[in-house]
Amino acid sequence: MVQAERIVATSTSSTAQLAFTGDKSFIFSECGDAFVMYAASGRSLVAMGDPVGPRHAWANVAWMFRELCDAHGAIPVFYQVSAEALPLYLDLGLRIVKLGEEAVVPLAQFSLDGKPRAELRYAHRRAIKDGASFEMLAPGEARLLMPELRKVSDVWMEQRQAREKRFSLGRFEPAYLNHCPIAVVRQNGRIVAFANLWPSAGHEEMALDLMRHLPDAGYGIMDYMMVEIMLHARDAGWKYFSLGMTPLAGLPDNPLASAWSRVGTFIYEHGEGIYNFQGLRRFKQKFLPDWRPRYLASPGGTALPQVGLDVVALISGGIKGVIGR
């Protein structure tokens, strides 16, 4: 893990922080300067995102991962990869399908000024009027607050009848959270919301991971927290803030689109009772982000349905997690 920590410390990708969740294995490049983090699920070995490390090492370690899959008779999968790296996955002989779009806010231009930010401005002012206050804690500084944060998290999970996700997100685990900066919102002194964040090297990008709040936190409390986080990151010199991916958003929907895209678009438009895809996009759109496509790279054809099941089961913690959200 020491080698992975050294590489993460120099990575300009915020998702490199997923190396600390404790649910992944690693394969390192021949020079030891890059890695692919992955986990097994069903018949697949699933890599999380693009390789971590300098771009010149990506091809070497990606091919090493492909060879590892072949040696074990596993399906090679790269999950949530970037558009810039697609030629690499095509060289690996994999098929590309679009998963959704990541919301990324350029922080230099972020403020509450102007008509497009009126809704955020009102929510922010209302939360302050109702007694909200914000604090950003450096990694490890929330250690003594973990019991209070756990109460918020437990209520949030119970209200949604949800299970902790894994692999592509963190989970409420104190050892993991102590690696991260944590934003805390109090209302009249009581902790009512928190979020942990992924910072990259070089102040390139900060990203949102867990975001949880109490049901009685008050009007606009999540808008307030996100605004405060982004203003803090902007003033500290960060370039971008990622709100994460909205699954199935932005897929092509026309008669010539692939079956994957047409099914994904149908779920996005009609699956609100299962997962609030459109509500999630509306929440992120309030911050006027740039929308960046994210992809899945894997063998196509008959392997794709198996890959889909394996990835969903991996993120949801098994088939029971898929059914129980």
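Guide: Strand 4 (residues 75–82) pairs with strand 11 (residues 290–298) in the antiparallel sense, over four bridges. Pairing needs at least two DSSP bridges between two strands; helices (H or I, at least four residues) and strands (E, at least two) are DSSP runs, numbered from the N terminus. This is a predicted model, where local features need pLDDT of at least 70, side-chain atom pairs count only at pLDDT 80 or more, and totals for chains, interfaces and linings use all residues. Residues are numbered from 1 along each chain as its sequence is written, and side-chain values use heavy atoms, with hydrogens and water left out.

Visitor: What stands opposite Tyr79?

Guide: Leu296 in strand 11.

Visitor: And how many strands form the sheet?

Guide: Eleven, in an open sheet with mixed pairing, ordered 1-2-3-4-11-5-10-9-8-7-6. Strand 1 (25–28) and strand 6 (132–137) are at the edges with a single partner strand each, so one side of each has no neighbour in the sheet.

Visitor: OK, switching to helices. At what angle do helix 4 and helix 7 pack?

Guide: About 100°, with the axes of helix 4 (residues 118–129) and helix 7 (residues 221–235) 8 Å apart. Axes are lines fitted to C-alpha atoms, for helices over the stretch in contact, and angles run from 0 to 180 degrees between N-to-C directions. The two helices are therefore roughly perpendicular (65 to 115 degrees).

Visitor: Which residues meet there?

Guide: Leu120, Ala123, His124, Ala127 and Ile128 in helix 4 meet Ile221, Asp223, Tyr224, Val227 and Glu228 in helix 7, with contact meaning heavy atoms within 4.5 Å.

Terms used. Parallel < 35°, antiparallel > 145°, perpendicular 65-115°, else oblique.
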